[in-house]
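I open this notebook to record what I looked up in the structure below, entry by entry.

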Amino acid sequence: MGVKGLQSFMERCCPGACVTVNLQQMARKHADKIQQGPTLVVDGMACLRHWYSCKDWVCGGQWKEYMEVLKSWVEAFTSAGIRLVFFFDGVVEEQKRKQWVRKRIILTVNNCISKMFRHLKAHGEQPGRELFCLPSGLATFTRFALRLLGQEVFCSVREADYEIASYARQHKSMGILGQDSDFIIYDSAPYFSVAKLQIRSLTTVLYNQERLCQTVGLDVNQLPLLACLLGNDVVSEEKMQHIRNNAISTYRCFELTYGCCLYFLQQINKSLYFVFLSGFPKACREKHVAADGFMVYSIVCEGVIECSNTLEDEEDTELLPHALVYKPCRQRIYGLVLDDPPVIREWFVYPGNPLKDPDMVHPVPISLPGDQPSLDLLWFGTGPDVSALRLMSFFSIFDCQEFSELHGVIEDSLLAALCLVTYIALQVQTLSQEDVDAYLSQAVCLRLKSSQELKNIKVSYKRGTIIILTNTRIIIALRY
């Protein structure tokens, strides 16, 4: 429901509605008021750019450094007595698919990623922060990282902003930390800016609904109508243009146009997104919501999956797009998790894909002795036979069944890396020995270095190394 420009309008025209606050002090007041510990609901997607502050960002994969950042950030709140609950986007709702595609096409047309690669090749060094691009798969990795740090993490099954606001209201949270005007519109909990957050002092800006409404002459319960009139992700700005024009020509008063809305935003009072009748889809949903998996929910319950822009050099024709490299792998996953495999709709952003329609991908059964195992058995079955079946299913997805004899001989993480590198070598004919060395060095050597030692490494911006490290991030994204 986000309204473009509403937040900046508040900052420019309603400065009294943008209040600097101390979160620790607010937490104490909130705890005294409700007689329980204060909880802050965090929009994880809005925090990614603030969390990922690693200096050599163009190389990607600074996971140890990134973990230190997350750990320090979480500790700043927990030491102040504030419990954190994180939410991440888990699906793209079909009614927002056109908007999702439009944003990805804009990013492609603007050539942000291409500009970054051109700078690397022209200058042999990392570009400035103005060309900064988040590492591929960062949101997925962050969910697992926060869980590893003992935090409560949720993955949405519908519009994440709606779920964040609903959770905050239902659990009487002290507020929402994010960067989205949706939280100004929702009647939920106080909305704090992550962009304005000073982590050392825990000060930030509170966007005050009541003061905004006092300034523009509205009631708080009219804010959803305001969002509808001005246009948002659900009701487009173009659809509402004629209403705005009529209101302006009739009243000649900008403030009054906020109250002249004929459309109600359908998202506000919507009931549950899904009503699951069978136990298995319910289990998929539960694992998805608990951030205990990746992509299975969308495949099983929606038959669709998407992948946003990744750091690929579209001008380098030697390397296949990652979506095509991993397509056989995904097809086997689809064949494994679906009993009666339908065609899966893939919305993957890659060079040459105009995103006019989804790619229709057919599942492929994995090669295993005996009957095809069900996902229900692989998830909930017990005993050594089921464990062996899980292991063989994993090897079969990468077509690396011959590596099963190495299980227990080398570490699981190294065995997984071996499967990945072998799979890539078979799929990408232009892979060089230097490329393989780059992959294996990340798997073997990085664990021996501390985050501080990794920060001090001097990066040599050689073309092959940069590209291969970029693709390593893509591997991590799809692996998780």
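**Helix pair.** I began with helix H17 (residues 327-337) and helix H19 (residues 384-397), which pack at an angle of about 145° with their axes 9 Å apart; axes are lines fitted to C-alpha atoms, for helices over the stretch in contact, and angles run from 0 to 180 degrees between N-to-C directions. In the contact (heavy atoms within 4.5 Å) I listed Cys329, Arg332, Ile333 and Leu336 from H17, and Ser393, Ser396 and Ile397 from H19. Sorted by class, this contact holds four nonpolar, two polar and one charged residues, where Ala, Val, Leu, Ile, Met, Phe, Trp, Tyr, Cys and Pro count as nonpolar, Asp, Glu, Lys and Arg as charged, and the others, Gly among them, as polar.

**Basis.** I note that this is a predicted model, in which local features need pLDDT of at least 70 and side-chain atom pairs count only at pLDDT 80 or more, while totals for chains, interfaces and linings use all residues. Residues are numbered from 1 along each chain as its sequence is written, and side-chain values use heavy atoms, with hydrogens and water left out.

**Whole chain.** I recorded 23 helices and 10 strands, both taken as DSSP runs numbered from the N terminus (helices H or I, at least four residues; strands E, at least two). Of the 480 residues in the chain, 50% are buried, meaning under 20% relative accessible area with a 1.4 Å probe, protein chains only.

**Sheet.** I then traced an open sheet of seven strands with mixed pairing, in the order S1-S7-S6-S5-S2-S3-S4; two strands pair if DSSP finds at least two bridges between them. S1 and strand S4 (152-155) stand at the edges with a single partner strand each, so one side of each has no neighbour in the sheet. On average, neighbouring strands are turned by 30° against each other, direction ignored.

**Strands S2 and S3.** I found strand S2 (residues 39-43) running parallel to strand S3 (residues 83-88), joined by five bridges, with Thr39 opposite Arg83 in S3. Helix H4 (residues 63-78) packs on the sheet and touches S2, S3 and strand S5 (175-178), its direction making about 135° with that of S3.

**Strand S7.** Which strands pair with S7, and in what sense? I found strand S1 (residues 18-22) antiparallel to S7 over five bridges, with Cys18 opposite Tyr207, and strand S6 (residues 191-193) antiparallel to S7 over two bridges, where Phe192 has Leu206 as its bridge partner. Four of the five residues of S7 (residues 203-207) are buried, so this strand is largely enclosed by the rest of the structure.
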